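Welcome! Let us go through a structure together, one feature at a time.

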Amino acid sequence: MLRFRLALAVLCLAPLPLAPGLAWPTPAAAQQVPTASLQVLAGEYTDSSDPDTPLSFYVQDGKLVVESERRVPTELKPISATEFGVPDSKVTLHFTLDGSGQGASVVASPEPDAVFRRTGEPVHHAFHDYQRSEVMIPMRDGVKLHTIILKPADIAGPLPFLIQRTPYGVDGTNRASFSGARPELARAGYIYVNQDIRGRFKSEGQFVMSRALIDPGADHHDPKATDESTDTYDTVDWLLKNVAGNNGRAGFVGTSYSGFLAMMAGIDPHPAVKAISPQAPMIDVWMGDDFFHNGAFRQTYGYDYVYGLESSKESTDVSYGKDKGGKPRDGFDYFLERGSFAQDVKKSGSKMLPTWKLFLDHPGYDSVWSSRGVEHSLNTVAVPTLTVGGYYDQEDMWGPQEEYARLEPHDEHHNNFLVLGPWRHGYWVSSSRHLGNLDYGEPIGKEFRAQIEAKFFGHYLKDEPGANMSGFDLEDTASFQTGSNTWKRYAHFPPKESEPTSLHLEGDGKLSWSDSPAPAKTLYVSDPANPVPYRSRPIQPTYGDSSQWFNWLTEDQRFVTDRKDVAVWKLPVLKKDLVVTGEVIADIFASTTGTDNDMVVKLIDQYPDDAADPTMRGYQLMTNEEIFRGRYLAGFDKPTALRPGSVREYKFSLHDVDHVFKAGHTVMVEIQSTWFPLYDRNPQTFVPNIMTAKPQDYRPATITVYSDPEHDSNLQMPLMNACDHIECF
């Protein structure tokens, strides 16, 4: 939900703020570098590890200028003949020369890993002359919302609006930020609008986290009834009447919280809204997005994010303090020592924040949470909708998949579109070919933005060509299939060729396609005092310096596989590729000696020890994973104690995937009952409210997973080539 920080190579030297107390070095004798000396530095420079957004340097009016396809031309500050500062940033560029005195490479500090080598002559890109204005737009109840408008002065004729609404502040919105974040849309030419929502930054009113929709039966023109949908409606209405040169159409785009807000534009939409693209939208923060997953509370995220967003009208940094040695405190220890979430709040030093109070008072899925669930209102495709999600989204993987699935039965005019890729939260804005240790061989984010996103808005907002003229041609779903690393197009997701097939958990840690597994039991002891970490330690604040939060879903699972409280099953090494496309469902039969339990199931692709890429040898890559809190087996609104020793069925979704387990790889399944501190520890003793559990409530328990004809623990695998692996008749 928070804005993510991208590496220097991704943003291509977008302005970075100076750290507190720092100032730009004062250029000494090199304040004026001779033009001839600057000319030897001119050229296009490319980072070979991420070659798709090279930097171009050239001399203009006696100054060295840098630009890229997403960096507007920027005059650099000379420090010496080969060193230059990037304005409004702490970045310094260091050039090296070859034997002939020509520029050979450039390194950006403080990120020396980004080395750009000269690859040709400088390239100039098109950038529109966006003129910025700032307004306060009145809503129906008199509250005014702070809004930035960027209007291209160099494009004749009426243009559509492209609108984003956000809780993260819009003061920095300008030509450079628009081009840096969404270069293809900035180049296409729109009247771009960015707005602070109610109660945030310079907007008036009260902020409410994931504000509930007004009663669907209420009059959306009632001046007293307001929600994000009505604020969206009123914003569009004002823009149409007050911004000259518009073509009467509006589109909405946004990622994360802004994706939720883009979805609001499609509920009881203004007639001028012709296209929306909710990207990684938080659809329901209890069912499967940011704060809860199937009843299990996301402890670090719920603590960090709410503190950052609600402790002031602007964003606030979170700290876990220092350890005895003066180093940043490990979040694992920080939350383990505090215990329950009630203790987190008590020891935070903060006032009680509204959403923290919701967590404490409403741990189950009651009307407070269900009223905020957008999925309950998705009963029509009111406008063309392009939903975007990431298979490795650490924050909102559930939202986009659920949104598409809810809208699909109502898609009478084929206006419901889905794009899925192996991205972390919002990473399709990047042009990188990499995610963590994974290399996809092509800039899939850039391909999506140019070939799908830009053409989607161009088609519906500007009447640009459709499929038969190389314009927007998406029939339904585009998915970047991992393993094969290829784009796939489907008429529906999952495709009709996908066949749910049972992968059975047998004894001795074996997986099998056999429908008659031999009876077996697999046991492990889960101890809340020694929980399984969800990522390698130390664990930094979610958005803190050097945080590994962003890529943790791609982390090599070997760091926990050998633990005694993690049960492991494997298939024999694959002789043929196994293609899995669609929703993976865990169906696990288990008992506990306690009266409550968490069930964590992970599907893993284990790479061979002789993988071509040395960094991936033996790598255990999660493809699907999820948690289910046992107290909610009878219903998410009915927390119920488990009977010790009673075998219960845990059946829940591990979400969609489009992945090829390559020949030579191994399919693994892991089950555990803690995943800390991403999720709070289940005491394993039933208490009315886990948020207020006492230290004595946390007790070890023995978990038993059953495999027999009456208790067939398995994963439903949506196979595209089942007959290659199973005897078919």
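Q: Is Ser210 buried or exposed, and what is its relative accessible area?

A: Burial is judged by relative accessible area: buried is under 20%, exposed over 50%, and partly exposed in between, using a 1.4 Å probe and protein chains only. Ser210 has a relative accessible area of 4%, so it is buried. Before we go on, note that this is a predicted model, where local features need pLDDT of at least 70, side-chain atom pairs count only at pLDDT 80 or more, and totals for chains, interfaces and linings use all residues. Residues are numbered from 1 along each chain as its sequence is written, and side-chain values use heavy atoms, with hydrogens and water left out.

Q: Where does Ser210 lie, and what is its phi?

A: Most residues other than glycine have a negative phi, and most peptide bonds are trans. Ser210 has a positive phi, near 40°, and lies in the loop between β13 and α5. Helices (H or I, at least four residues) and strands (E, at least two) are DSSP runs, numbered from the N terminus. Asp268 also has a positive phi, near 50°; it is found in the loop between α6 and β15. Asp268 is partly exposed, with a relative accessible area of 35%.

Q: How do the axes of α5 and α6 cross?

A: Two packed helices are described by the angle between their axes and the distance between the axes. Here, the axes of α5 (residues 228–242) and α6 (residues 257–264) come within 8 Å and cross at roughly 70°. The axes are lines fitted to C-alpha atoms, for helices over the stretch in contact, and angles run from 0 to 180 degrees between N-to-C directions. The two helices are therefore roughly perpendicular to each other, a label for angles of 65 to 115 degrees.

Q: Which residues of α5 and α6 meet?

A: Contact means heavy atoms within 4.5 Å. Glu228, Ser229 and Thr232 of α5 meet Phe260, Leu261 and Met264 of α6. By class, this contact has 3 nonpolar, 2 polar and 1 charged residues. Ala, Val, Leu, Ile, Met, Phe, Trp, Tyr, Cys and Pro count as nonpolar, Asp, Glu, Lys and Arg as charged, and the others, Gly among them, as polar.

Q: How many residues of helix α12 are buried, and what covers them?

A: In α12 (residues 398–407), 8 of the 10 residues are buried, so this helix is largely enclosed by the rest of the structure. Among the buried ones are Trp398, Tyr404 and Leu407. Their cover includes α6, β15 (273–279) and β31 (648–661).

Q: What about the whole chain: how many helices and strands are there?

A: The chain has 14 helices and 35 strands. Its radius of gyration is 27 Å, close to the 27 Å that the globule rule gives for 729 residues, so the chain is as compact as a globular protein of that length. That radius is taken over C-alpha atoms, and the rule is 2.2 Å times the number of residues to the power 0.38. Buried residues make up 59% of the 729 residues.

Definitions and conventions
Parallel < 35°, antiparallel > 145°, perpendicular 65-115°, else oblique.
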